[in-house]
Every structure is written in C-alpha cells, then in structure tokens.
Amino acid sequence: MEKGSIRKSLDKILKDIKAGKTAPVYLLFGEDGYFVNEALKKLVNSLVPEEDRTLNLEVFKGEKLDLDSVITGLASYPFLAGHKAVAIVDQDFPTSTTPGFDSLLECIEKNIPPQNHLIIATSKSVDKRTVLFKKIKEIGEILAFEEEDAKDRYSNLQDNVNEKVNSEGKKLTKEAFDRLIERTGFDSRLIFGEIEKLLNFTGDKKVIEKNDVDAVVPLTKHQVIFTLLDAISIKNKKTAFDILERLLIEGEAAIKINFMIARQVRLLRQAKELLETEHSKSFNENSQFSVFQKLFGNRIEEFKDRYRE
C-alpha cells in the first residue's frame, strides 16, 4: 500500500482497511472539525467493531495529553482478537517539546503490535516540518482537511450534504442547498445539524426544497437586520415593522438597530443624489465598476467628507 499521501481520500483508506491493508498510524487534521470528527468515526468503525470497543479502543482527549498512557495503550496487545485503536482527539499535535515525545516516536517506529493503530485527529494546527509528521508520512496515512477555495468548498460541501440526504432516501434541490449555505455559511457542523432537522421536518416527502429550508433554518440576527434594511429600502412597511418587533423581542439593542437604519437611509439619500446628476444617464446596471468610479468618484469622496465615513 502506498504510504504518506496527504491527498489520499477517506474512501480509499477505508477500502484498504476492509481489504486488510492497515497502517500503524493515521493522522486526520484540518480546520473543519466536523469533517475531521466524521472521518474519525468512520475510521474507528472500520478498525474496531462496536462490540469490541470497551476493551479494544482507547481515546485520549481533554486539557492535558498524557503520552505515557498513550504509549502504554499503544504497545499493549489487544484484549480481544482483531484490531485495537488508540486515539488522540482534539489535542495539540505532539512535538519534540511535548513530555514523552521521544518515547512515542520510538514506540511508533519499533514497538506497535501489528494489530494496533494510533489515530491522531485534530482541528488544531499541524506543523508539517515536525519529526512526527514526517514519520507518519513515511509509515502511516495522512488525511488533510485543509482550507479550500470557495468554489471547491462549495462543491465538496454539496457532495457531502447530498450523500447524507440521499442515504435517507431523499433529494435536496440546488436552490435549497444555496439557501442553506446563505443562512449557515460554510460552517459544516451547523449545516449538518440543520440537515438533520430538515430530514425530520420533511417526513415522507422525498425532495427537500427551498421553502423547507425557509421554514426550518432560522436567519441569524445579522441576516435579519439586513432583511429589515431591505424592507425599508423597498418601502415594505408591514415586513419592516414585523422584523423590527422580532428583533426587539429577541433582545437586539435598539441603539444598534437605529444606527443601522440611519446608515441605510443615508446610503439611500446618497444613491438618490447620484441618480440626479447628469452622469447617471451614462451609467446603467451593465456598466463596469471602473465606469462607476470614473463618473461618481469625486461625489463619493464628498459623501465621505460630509458623513465622516
């Protein structure tokens, strides 16, 4: 089995385990804690059956990492037949300054029984220059959930959400997914929490649509305030007053709301002034931003001086 690939997919690693090709050490890391924890669950499920975990699974997490206990567990043969996993979860990645580090490195190199496996799963930073990282790359498997650009992140999240929804016999429309992202951002833990609610809410319905997301996934206070400002901009009094009442009931500071409304009114006045200039005839919705800057740049600077913005 090829070792040391930090781009290897989780599916490939799980397939290798099923085929009997295991590694002594697995490192799962990345800023997205949700995906790190999901990968950890799948890895443990593949290595240690649920009925054996009382004796064949040791998990170390908490404020202080005791590497001596990790080494003892890692060097000890499993109580039951099959694989044993020792997992370090949500801890700082061990370095040469961590007490017991040299002993851990020696254990990894020489003293792990073939049935035993060390799993390090963390959403904290991992220095790829360290001795331990290089050793894991040499003899183990590394799965990195590193920062992606917005397009890749969107695509990967959509694939994972669809996999989850499809496993429940349902489908999620693209419009529904976009609305979900609009309300949750790219927070994986929050997204999948809302997906569970949507699966329950839709019951026997096979397709989750945008209106389902609107009904289940709440707007954040930040989003609600901007919805209020949009309602004011289009003169929708009823919506504006309903949202304002909701914000005040939920404890949003009146002075903050007043500041945001005042700023919106000021921006509307500025836009009205720009539309009343002779240059407005030379600008339309298809014009480039550079054209806008050329036509209105001086007036915008005047606005900044006038309103100290």
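This is a predicted model: local features need pLDDT of at least 70, side-chain atom pairs count only at pLDDT 80 or more; totals for chains, interfaces and linings use all residues.
Helix α6 lies across β1, β4 and β5, running at about 120° to β1. All 6 of the 6 residues of β1 (residues 25–30) are buried, so the strand is largely enclosed by the rest of the structure.

**The sheet**

- Five strands make an open sheet in the order β2-β3-β4-β1-β5, and the pairing is parallel.
- At the edges you'll find β2 (57–60) and β5, each with a single partner strand, so one side of each has no neighbour in the sheet.
- From one strand to the next, the twist averages 10°.

**β1 and its two partners**

- On one side, 5 bridges join β1 to β4 (residues 116–122), and the two run parallel.
- Tyr 26 has Ile 119 as its bridge partner in β4, while Phe 29 stands opposite Thr 122 in β4.
- β1 also pairs with β5 (residues 141–145), again in the parallel sense and over 5 bridges.
- In that pairing, Gly 30 stands opposite Phe 145 of β5.
- In a regular strand, side chains alternate between the two faces of the sheet.
- Here Val 25, Leu 27 and Phe 29 point one way from β1, with Tyr 26, Leu 28 and Gly 30 pointing the other way, and all are buried.

**The nonpolar cores**

- The largest nonpolar core has 27 residues, and Leu 27, Val 70 and Leu 118 touch the most other members.
- Elements giving two or more residues to this core are β1, α4 (67–75), β3 (84–89), α5 (101–111), β4, α6 (131–139) and β5.
- The most comes from α5, which gives 5 residues to this core.
- What does Leu 27 contact, leaving aside its neighbours within four places in sequence? Its contacts are Phe 93, Ile 120, Val 126, Phe 133, Ile 136, Glu 141, Ile 142 and Leu 143.

**Leu 14, over in α1**

- Leu 14 sits in helix α1 (residues 10–18).
- Is Leu 14 buried or exposed? Its relative accessible area is 17%, and because the cut-off for buried is under 20%, Leu 14 counts as buried.
- Leaving aside neighbours within four places in sequence, Leu 14 is in contact with Lys 42, Leu 43 and Ser 46.
- Leu 14 and Ser 46 are 32 residues apart in sequence, yet their C-alpha atoms are 6.7 Å apart in space.

Conventions: Residues are numbered from 1 along each chain as its sequence is written. Side-chain values use heavy atoms; hydrogens and water are left out. Helices (H or I, at least four residues) and strands (E, at least two) are DSSP runs, numbered from the N terminus. Buried means under 20% relative accessible area, exposed over 50%, partly exposed in between (1.4 Å probe, protein chains only). Contact means heavy atoms within 4.5 Å. Two strands pair if DSSP finds at least two bridges between them. A nonpolar core is a set of buried Ala, Val, Leu, Ile, Met, Phe, Trp, Tyr and Cys residues joined through side-chain atoms within 4.5 Å. Axes are lines fitted to C-alpha atoms, for helices over the stretch in contact, and angles run from 0 to 180 degrees between N-to-C directions.
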